[in-house]
There are 2 protein chains.
Amino acid sequence: MASVIRLLVLGVFRKHGGTTHGYAVHRQLAEWKVETWTSVKVGSIYHALKQLTKEGKLRAIATEESPEGPGRTIYELTENGEAEFFVLLEQALSSFDLEQLGAGVAFMEELRLERVVELLKGSLKRARKNRELLDGLAPTVANRSDPPHTKDLLELWSGHLSATASWTTDLIRRLEVGEYQFRDENPPN
Amino acid sequence: MASVIRLLVLGVFRKHGGTTHGYAVHRQLAEWKVETWTSVKVGSIYHALKQLTKEGKLRAIATEESPEGPGRTIYELTENGEAEFFVLLEQALSSFDLEQLGAGVAFMEELRLERVVELLKGSLKRARKNRELLDGLAPTVANRSDPPHTKDLLELWSGHLSATASWTTDLIRRLEVGEYQFRDENPPN
DNA sequence: TCAACGCTATTCAACATTGACTACCTCGGT
DNA sequence: ACCGAGGTAGTCAATGTTGAATAGCGTTGA
């Protein structure tokens, strides 16, 4: 699932009014400390730009000679790209993969609050189901002390899913008590 | 870090006496339920075999016409490959990445018990340090309720590291009370 | 008997990722 | 005046990943 970088790139384009260049994306992601909660690398940004362009989700509109340093290629978000953004966003918020889920949360206010809660509850359900699956597998594998220690490994993942689930639960609670301001809400007075 | 698949492949070779073919590796990994605790895919096995061969860590010794189905290429583990296995194994047991750590644990009895405990303690220390780093970053980022919600995302990772750390702590405890049988130990009587 | 399915065993092309490299500019210090 | 560090902006080749495709063989049930 390589869609994290694509979601991030498209999200930055929206935040920047639909028009930017690679380095600005880079700076924005750095400002957001994205390296701490994903494994995206700088090089991938430019690849994503090219790939998204090839797919008609971005359009290269100019090569600006920047005052400082080399010229930059300016891209523009297309309608197709907008659509892709929302597809990826919904996917991300439905996932229980750390990076995916994180990237989704970063842009969650682009959806309606109710929709976000709905998707997160789906993610939670899936995480729990997966956890039960792992726990259910445990009796079918060999002893904990026998290599390759599948039982131990299943527990490692189970614990990880558990941690994700409680974080998500907490986030849903905060969303439901209105701790986050969404565009379509009235501010509390 | 793509080394998980390489460690797994080399590990299967050792378990199979240093000589096997791709499909056997595939079956072994399936038997170990590796898909549940890593994201390795079948296709990657064959790539790893070729790459390791190019690097002199495996040697293609024959193309056997198998009784059922197509012919299989038999590979043999070289001395170079043995060395690589131990490098990757130590790396994996020092990591706090889920897949990496898991793959390391799967083959941990190839090292001495004391060494495994030492490496796991290192991993634990690194995980804790990383967690502190994330927690230390929290005050420097914007409000939890401001996009991209970096604070929330840092907490997600912090929780994840926490879960990994307690699993590792538990494993170390079990290792230290002798719940796992290592080759160089005397069986308890 | 024979079609459909699933197992055996691998290849391949398309796509993604990475890190190193290029190259240009500014600014502060010596 | 010149050097080095660091910011700006991106390319590229090597490497890795994925899913689909290929293709032969055995089994089973209609």
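Predicted model: local features only at pLDDT ≥ 70, side-chain atom pairs only at ≥ 80, totals over all residues.
**Ground rules**

I number residues from 1 along each chain as its sequence is written, and I letter chains from A and number ligands from 1 in the order in which they are written.

**Entry 1: chain A as a whole**

I began with chain A and found 8 helices and 3 strands. Helices (H or I, at least four residues) and strands (E, at least two) are DSSP runs, numbered from the N terminus. Along the sequence I read the pattern α-β-α-α-α-β-β-α-α-α-α. The C-alpha atoms fill a box of roughly 65 × 50 × 25 Å, taken along the principal axes.

Next I looked up burial. Buried means under 20% relative accessible area, exposed means over 50%, and partly exposed lies in between (1.4 Å probe, protein chains only). Of the 189 residues of chain A, 49% count as buried.

I then turned to contacts, meaning heavy atoms within 4.5 Å. Among contacts in chain A between residues at least 6 apart in sequence, 61% join residues at least 24 apart.

**Entry 2: how the two chains pair**

How are chains A and B related? A rotation of 180° with 0.0 Å of shift along its axis puts chain A on chain B, with an RMSD of 0.0 Å. The superposition is by least squares on the C-alpha atoms of residues with pLDDT of at least 70 in both copies. The two copies are thus related as by a two-fold rotation axis. Both copies use the same surface: 100% of the contact residues of chain A recur in chain B.

I also looked up the interface. In it, 36 residues of chain A touch 36 residues of chain B. The two chains bury about 3300 Å² between them, and 74% of that is on carbon and sulfur atoms. Buried area is the accessible area (1.4 Å probe) that two parts lose on being put together, summed over both.

**Entry 3: salt bridges**

My rule for a salt bridge is a side-chain nitrogen of Lys or Arg within 4 Å of a carboxyl oxygen of Asp or Glu. I found B:Asp152 and A:Arg174 paired at 2.9 Å, N to O.

A:Arg144 is in the loop between α7 (113-137) and α8 (150-176), A:Glu155 is in helix α8, and the two are 11 residues apart. A:Arg144 is buried at 19% relative accessible area, whereas A:Glu155 is partly exposed at 34%.

In chain B, B:Arg6 and B:Glu84 form a salt bridge at 3.1 Å, N to O. This pair joins helix α1 (residues 3-15) to helix α5 (residues 79-94), across 78 residues of sequence. Both B:Arg6 and B:Glu84 are buried.

I also checked B:Asp170 and B:Arg173, which form a salt bridge at 3.6 Å, N to O. They sit 3 residues apart in helix α8 of chain B, so about one helical turn separates them. B:Asp170 is partly exposed at 34%, and so is B:Arg173 at 42%. Shared partners join A:Arg144, A:Asp152, A:Glu155, B:Asp170, B:Arg173 and B:Arg174 into one network.

Which residues of helix α4 (residues 42-54) of chain B are buried? I found B:Ile45, B:Ala48, B:Leu49 and B:Leu52. Down the axis of α4(B), the buried residues fall within an arc of 105°, so they line one face of the helix. The arc is that of the directions from the helix axis to the C-beta atoms. B:Gly43, B:His47, B:Lys50 and B:Lys54 are exposed on the other side. The cover over the buried residues of α4(B) includes α1, α2 (22-31), β2 (58-64) and β3 (72-77) of chain B.

Most residues other than glycine have a negative phi, and most peptide bonds are trans. I noted some exceptions. The bond joining A:Pro147 and A:Pro148 is cis, with omega about 0°. The bond from B:Pro147 to B:Pro148 is cis too, with omega near 0°.

B:His149 is not a glycine, yet its phi is positive at about 60°. B:His149 lies in the loop between α7 and α8 of chain B and is buried at 0% relative accessibility. B:Lys33 also has a positive phi of about 60°. I place B:Lys33 in the loop between α2 and α3 (34-37) of chain B, where it is partly exposed at 26%.

Note on methods
Heavy atoms only, no water.
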